[in-house]
Amino acid sequence: MTATIPELGPDIEELERVTIRFAGDSGDGMQLTGTQFTRTAAVFGNDISTLPDFPAEIRAPAGSLPGVSGFQISFSSNEIHTPGDRPDVLVAMNPAALKTNIGDLPAGGALIVNSDAFTQQNLNKAAYAANPLTDGSLSPYTVFEIPISTLNARALEDLGMTSKQVDLTKNFFALGLMFWLYERSMEPTIAWVDDKFGARPVVAEANKRALKAGYAFGETTEIFHTHYRVAPAHLPPGTYRNITGNEAAALGFLTASKLAARQLFYGSYPITPASDILHQLAGYKTFGVKTFQAEDEIAAIGASIGAAYGGALALTASSGPGIALKTEAMGLAVMVELPLVVIDVQRAGPSTGMPTKNEQADLLQVMFGRNSDSPLPVVAPATPGDCFGMAIEACRLALKYMTPVVYLSDAFLATGSEPWSVPDPSTLPDISVSNATDPATFRPYQRDPDTLARPWAVPGTKGLEHRIGGLEKADITGNVSYDPDNHHKMQLYRQAKIAGIATDIPPLDVYGPERGDLLILGWGSTYGAIRSAVERLQADGKAVSHAHLRHLNPFPANTEQVLRGFRRVLIPEVNLGQLLMLIRARYLIDAVGYDRVRGKPFTIAEIVSEAERLMGEDA
Amino acid sequence: MTTEIPPQPPLSPENAAIIQLTRKDFVSDQEVRWCPGCGDYSILAQTQKVMPDFGYPRENIVFISGIGCSGRLPYYMNTYGFHTIHGRAPTLATGLKAARPDLMVWVITGDGDALSIGGNHVIHSMRRNVDINLIMFNNRIYGLTKGQASPTSEFGKKTKSTPLGSVDTPIMPLTIALAAEASFVARSVDTHTEHLQGTLERAGRHKGSSFVEVLQNCNIFNDGAWRDFTDREVREDRMLVLEHGKPMIFGKDRDRGIRLRGLHPEVVTIGEDGVTEADLLVHDERAEDPYLALMLSRMFWPDFPVPVGVLRAVPRPTHDQLIEEQIATAIARSGEGDLARVLRGSETWTVE
């Protein structure tokens, strides 16, 4: 439930949930501001969910509409699943930020603007014919005009910094103000500043002064009549940290290498939004992790297949366009049956598309984007924290079934964050597998009767010298074979091996009754919006349930049974109906899709209204 | 200047027995399926012959190939082998060697595989000095796809895909390798078996990227690819056998040589116009700068005798060594990674 800010009154007001959006020029430090507020709210114990939204350009022209960067955080005293449909508070650092974000602020919402930035030049850049601060167009909102640049400059005036340097700290003034407004401690941010700028005392001092000046402004001026409190959430007991999906994935893969007792090898080529995983793993040298920044996407996966051949737990990562380049090598990994995890952090396409914006439209690409029948398992995490467990799951399947596995994340999961209960690594399951060692029994394509996996014989093992490759191999011996019956058999083996995984993964779980009018079926990052929508619909007395697929190939064994428990099945996707196509083709169930491809996650309201519309048709 | 070959890597006691291996130990049970008369047979035979000399156990040797006729070679070697996809063998070799520095890794490729579809990977594996031995079979034609022009085909070459002659300028493979900072660059010929053996042996012993171009005949689609200067009757007059520290002399009568004139090489005859052996260029494969090697890589028949042998062999830290060193340094400085600590991150809070 989203609480709006009530009538302003004296003192302190208790709120259940607040959503703030910081918006400014991409040079204004909005991502940093948002991240600092997030850390503080997380450490305070709120449940949180965040949505960074930034342009692909590193620095679009200052003050321009394409250059606006935003960061939305929702924090709550209850469990929440999304970063909030619409902000309660919008902080707009310039006219362009106001123009691109005001449409999302509900009437009555609080708008804090840096009035210093509303110069004629900036108004022109944002294509405002008249100054919105004076033309009455903001009358539906509670507007707080604050000369942030001026006030901040005054607080820093004796530090001997240039006006440009001073201006770079004004985001911390806004952050300080938000800290006061929501009763947050400045300590975590001050500690961060000291750590980050310790070597540059003037810069550290400037940021701390800006932060404190913003806080003091809230405290001492009459402009806000009250401030607000959002109590800590009642999360299950445990030790928590804030985590993004990419951070959780990197930790998951590192953990998997420990659980498998194998060297971790990561071959990658820089691409948004997957690169952060490379950066993080490159820092784990003390774990013996080997990261390899390749000359291109193909070399990245090639090196990883080479490392897997040598016995490493090997990964490669990219986003949609890079996955397209890796396609042929993924087929090779299918053919030679070596373990490999291919990470696809999806973004809006086709082609280069909108590199920093969200989409989940690579599902059919990873399912079928290879020559011939070339099956491989596909897993998809549902939330930022879930990226940890699904990373381990992807490795488990790759090792146990000797197969490439696709781990399908997306930009929203990768950069969004939530509190995460830190696991004790000693409680996590062993996922190790053995290499072949016995020359008497070793046959390169002699399959395990249960898993149909072939043995993993790594170079260096005496007596197991053998040859593998992309040419079709004879069953058992692995010699090159053009025999028609052998090829047919091997195609069936490859298919059956992946299909058989269905019995080795958790059944599809239903949130709500197992029978009803409507099942909303989702996958990937739509989890939060669907779950929140279903909670609302159930609270309204509707017979609606939610099921979320984390395994997309194969589907869990009970999937058809779950779907048949409902009169209608609705599949919301940030694509034009890809899971929908698979479900309809596989089960001949008349599911309907709900597709929104705007580069943004679904809102809860969109899913609620679509569900109501669909149930209205039946009524 | 000396001509000694760098010493062989020391043998462990366990490996000492391996010296007893012979060519036969490296012959796999697979039937060789190249066209009769193909130059690849000779390259395979010389490769099998030199293998016992390296002192590696058979199971620690891996042959990785791409696509093309050359790509079949790993099937015929009784070692570990991986026949990969077109042009990408160097990438798999890079990953394998990074994960497993203990292995001896050979990359078998062709002119199309290495210089067309896989050109990028050859360049980058060389500049990283990945410790691999890349043997490029150069027959100036696409053989497996039955006779199209390759990146080393002559300008104007008529093939199935270029019926009026190729309009593409050919690539000079050794120049590419040198430009990519390869630390070992050499050339040999399929039919010059002794020279080929010696060259493969030098490549195998070099720590770092070795790039060996083997001029190879395709008797079906490009017969006589290099005949003009490799045939027995003419080779001494038309090829220059490079030897470190020796003057560049060639010819049946050992009376012709290469002299530097300004920035250009020229062919001279000893004894004519007052030219003596002292005027000739002396080969230096270990020169730190690549100028001499680059000059040799540009010399080609009919303007010059074609240089064969080692153009360049310089020491440089290898890719796998540098990776291992970074890990060792990080562990020496901060100790082995603590997973529980990394999972907690910099800030946590506790819910009771």
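How many bridges join strand 9 of chain A to strand 16 of chain A? Five, and the two strands run antiparallel. Before I go on, a reminder: this is a predicted model.

Let's stay with that pair. Strand 9 covers residues 238–244. Strand 16 covers residues 417–421. One pairing to find on your screen is Asn242(A), whose bridge partner is Pro419(A). Strand 16 is mostly covered, with four of its five residues buried.

Next, the nonpolar cores. The largest one holds 199 residues. Four members touch the most others: Ile305(A), Ala391(A), Cys395(A) and Tyr407(A). Helix 14 of chain A, residues 386–401, gives this core its largest share, 11 residues.

Now pick out Ile305(A). Leaving aside residues up to four places away in sequence, Ile305(A) touches several residues of chain A, including Ala314(A), Leu332(A) and Leu340(A). Ile305(A) also touches Leu92(B) and Gly95(B), in chain B.

Last stop, helix 17 of chain A. It runs over residues 527–539, 13 residues in all. From first C-alpha to last, helix 17 reaches 18 Å, close to the 18 Å expected. Which of its residues are buried? Tyr527(A) through Val534(A) are, and so is Leu537(A). Those buried residues pack against strands 3, 18, 19, 20 and 22 of chain A, and against helix 20 of chain A. After helix 17 comes Gly541(A), with a positive phi near 85 degrees.

Definitions and conventions: Residues are numbered from 1 along each chain as its sequence is written. Chains are lettered from A and ligands numbered from 1 in the order in which they are written. This is a predicted model: local features need pLDDT of at least 70, side-chain atom pairs count only at pLDDT 80 or more; totals for chains, interfaces and linings use all residues. A nonpolar core is a set of buried Ala, Val, Leu, Ile, Met, Phe, Trp, Tyr and Cys residues joined through C-beta atoms within 7 Å. A residue is buried if 20 or more other C-beta atoms lie within 10 Å of its own, exposed if 12 or fewer, and partly exposed in between; C-beta atoms are placed from the backbone. Two residues are in contact if their C-beta atoms, placed from the backbone, lie within 7 Å. The expected span of a helix is 1.5 Å times one less than its number of residues. Two strands pair if DSSP finds at least two bridges between them.
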